[in-house]
Amino acid sequence: MSDKMHLKLTVNGEAHETLAEPRELLIHVLREQLGITGPHIGCETSHCGACTVDMGGKSVKACTVFAAQAQGAEITTVEGLGAPDGLHVLQEMFREHHGLQCGFCTPGMITRAWRLLQDNPSPTEEEVRFGMSGNLCRCTGYQNIVKAILAAADQMNAMKEAAE
Amino acid sequence: MKDLPDTEERKAGLKGLGCSRKRVEDARFTQGKGNYVDDIKMAGMLHGDFVRSPYAHARVKSINAEAALALPGVIAVLTAKDLEPLGLHWMPTLAGDKQMVLADGKVLFQGQEVAFVVATDRYIAADAVDLVEVDYEDLPVVVDPFKAQDPDAPVLREDLEGVTEGAHGPRRHHNHIFTWEAGDEAGANAAIDGAEVVAEETIYYHRTHPCPLETCGCVASMDKVNGKLTLYGTFQAPHVVRTVASLLSGIDEHNIRVVSPDIGGGFGNKVGVYPGYVCSIVATIVTGKPVKWVEDRMENLMATAFARDYWMTGRIGATKDGRITGLHAHVTADHGAFDACADPTKFPAGFFHICTGSYDIPAAYCAVDGIYTNKAPGGVAYRCSFRVTEAAYFIERMIEVLAIKLGMDAAELRAKNFIRKEQFPYTSALGWEYDSGDYHTAWDKALKAVGYEALRKEQAERVEAFKRGETRKLLGIGLTHFTEIVGAGPVKNCDILGMGMFDSCEIRIHPTGSAIARLGTISQGQGHATTFAQILASEIGISADKITVEEGDTDTAPYGLGTYGSRSTPVAGAATAMAGRKIRAKAQMIAAYLLEVHDDDLEWDIDRFVVKGAPERFKTMAEIAYASYNQAIPGVEPGLEAVSYYDPPNMTYPFGAYICVMEIDVDTGEHEIRQFYALDDCGTRINPMIIEGQVHGGLTEALAIAMGQEIAYDDIGNVKTGTLMDFFLPTAWETPHYTTDHTETPSPHHPIGAKGVGESPNVGGVPAFSNAVHDAFRAFGLTQTHMPHDHWRIWKTARDLGLHG
């Protein structure tokens, strides 16, 4: 075990300081040190995407990112999307269109979808399916997830238009 | 009576049976506020991790934990020697066998638990695992269940040497577990031998794995002062786990609290009791601190409850015009190193004898031989009722094989042999009493929906075009009409470790007219908190939005056998309705007192009791609830509560018609699913949105199994598919769009007529996908090829048929 390093990172707009071993994974720092348990661990090999968080404007799988790589990073997790008294449009649409069942993949799925819609605000179904293919779901068969994301895109675009 | 709009409005306000109520679970889950077992953190909590065997079969000569124990932060290293004085180095399985908790002298499969390391941190525990030195002497490995039966095959289970009588009858070989049979063999053989046409085939349903996205785990916490053990874990049957934990540990059952928190998918993987649970309990008792154990994905795939691995040989006889006369099935079932199937005790092969499927087959027989090999134990029902998907795959392949032999259209052959609507309740040749069905209606609807005749025409044209060299793609039409058997089950013949397979619901109505219901089941994504409230809303007239549903805490929930085998709706759903009816019966007495009429002068109207002929005189359930708490009513106890323990009189028999249209590229082996139509009949529909979601999900798991997912071993017992790189889970990209449809044939014996649906799409989906692959090559002489139909295997099939030129 090597000496711990001093880690500073911003998660969901809140600054955190903590100690972590150089080998420690971001997902473990988030879940076990910072108590952010929305992102889950499904495989520890980058395949399932249950641990997806947003880091520096990109979707990353926190199970294969060293905490050290997150030094100084801005991180958004599912906890940072909605407001305390209301759901984010994506969260709302996942509920509306039954885009989740056991809920284990959901935080990663929604966080990934959030980034996807930042990068491509009006995706086609095919683009959604491709853009979400790093996130596995064992329950839904994806059909309603795709539906929820497309519906959220529509609503987010309408809100943007209304605001302009 | 009330005028119509009021009635309709009140009914809609209940959000009861039949409406697509949005899920109450979702606000939590979408915000990341679920509480899964790995989210549980307790003060002073330690972490457990396993040393696992790299060998599939080896003698354990020594275990040296010195270096591990010297690592700062390591608290303990448990081995079989430590568990032996407690009698916990072995544990009973649900199938009447026993299983090593930690390697006792030898290991029998790769990934087997050898030692349990307990440390202050999961990283230190993992480091310590590497420091435990185990000296192995490798032994000959058997991974083939047929070779395992050779007279000179290595003895795998030395603990059973000389034991000729197993839990399910005689053992005829040292690697033989049981022979189980149903039906009349002589009658079936006579029918087949005398048949005008006989088809024979061996159909392998490969080894696969339920692979829920959340792996298995637990947190065990012993309060030594109060003598109370709390066990949080990924348990599909928390009450049974409590009973087992009590029997194994000797701790009184009231001093054990088992909690299933949110569960990240189960699919049968979380029914059994695993060494990790036992070791965590021992570790918390030894250390006095909470101990968490959560397996990683490789451990889950290698060691925790596989599914299937059935070699099924069938003979089916028919008349020349396609009337089936007899069916004979023999199965060689590879159970791995320990028989740890999770089946009702009396059914070591589950309900495989539903293998006559949707067909009226006058004579049938089936036998299953369970065999030990050097593979992981399990044999669980991966999103199906016990061995029902094996049975459905078997009969739906045999029908196709017979159709080829007869030169007959497989859709027509099915329709010719369906059990007719007027034959229900129908007793099959293998002894089941099918409750209800209308197969012809469903089948005709399905064929019409996909334009079956036009598809066959297109397929024939495609074959011609292929032969002319104009295309390299073939078209397959995969047909399936499946019948499931779910809802185990009647206590008279279904039990788990002696506990009858009833289920339960307890309801408490609060004074202001809202309620809490607690059940003996546990949701793993099925949405029980949403749907059971709907059942209750329709029964007691309180809006589902005002009913909290709780499950999974054995200190508060009534005893039940849990959620697997699509039993929640058939059994606990029935208990919910029955408990609701008890509430209503008491409410009627209270209403009669309040309205100063006789009980019989009242009638139930959606959410209230109304005086017959005087619609303006009524008491709503909310008013009655309040009265039950604040008025002294002669002869009636205060409060409004009820409990029902429901023992179902029979199983339920959901069915469905699935059609898959698939394009296959002969040169690459790739496939594209052009259309998938799924018609399900699950009886009364509680929440169509959730049913549809279950069907999408089950079909996708079926897609995985049929088209690529397997737990594969090499000859020396190495698991070749131990990560998600090798073990196929479809992404959104590979998953097709599904069209769902339904008919509705209620179960006559279920209080609300519901049959259960969660597993139907897996049971019906696998043969639909597989039949599509087979059907694409039918014109080129293919009768049978084994799953999974990954690109390589399809390419090989095309090559073997000479299609690569």
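Four strands of chain B make up an open sheet of mixed pairing, in the order 23-33-34-35, where strands (E, at least two residues) and helices (H or I, at least four) are DSSP runs numbered from the N terminus, and two strands count as paired if DSSP finds at least two bridges between them. The edges of the sheet are strand 23 (473-483) and strand 35 (739-742) of chain B, each of which pairs on one side only, and the twist averages 10° from one strand to the next. Strand 33 (residues 655-665) and strand 34 (residues 671-681) of chain B run antiparallel to one another over 10 bridges, and B:I659 stands opposite B:Y677 in strand 34 of chain B.

The model is predicted: local features need pLDDT of at least 70, side-chain atom pairs count only at pLDDT 80 or more, and totals for chains, interfaces and linings use all residues. Residues are numbered from 1 along each chain as its sequence is written, while chains are lettered from A and ligands numbered from 1 in the order in which they are written. Chain B averages a pLDDT of 96, with 99% of the residues scoring at least 70, pLDDT being the predictor's confidence in each residue, from 0 to 100; for the complex, the predictor gives an ipTM of 0.98 and a pTM of 0.97.

Helix 12 (residues 439-450) of chain B lies across strand 23, strand 33, strand 34 and strand 35 of chain B, at about 30° to strand 33 of chain B; axes are lines fitted to C-alpha atoms, for helices over the stretch in contact, and angles run from 0 to 180 degrees between N-to-C directions.

The contact between the chains takes 45 residues from chain B and 45 residues from chain A, two residues being in contact if their C-beta atoms, placed from the backbone, lie within 7 Å. On the side of chain B that touches chain A, helix 2 (26-30) and helix 17 (688-707) of chain B are the elements that give two or more residues, and helix 17 of chain B provides the largest share, eight residues. The table divides this side by class, with Ala, Val, Leu, Ile, Met, Phe, Trp, Tyr, Cys and Pro counted as nonpolar, Asp, Glu, Lys and Arg as charged, and the others, Gly among them, as polar.

| Class, side of chain B touching chain A | Count |
|---|---|
| Nonpolar | 17 residues |
| Polar | 17 residues |

In chain A, A:Q69 is found in the loop between strand 4 (58-61) and strand 5 (74-76).
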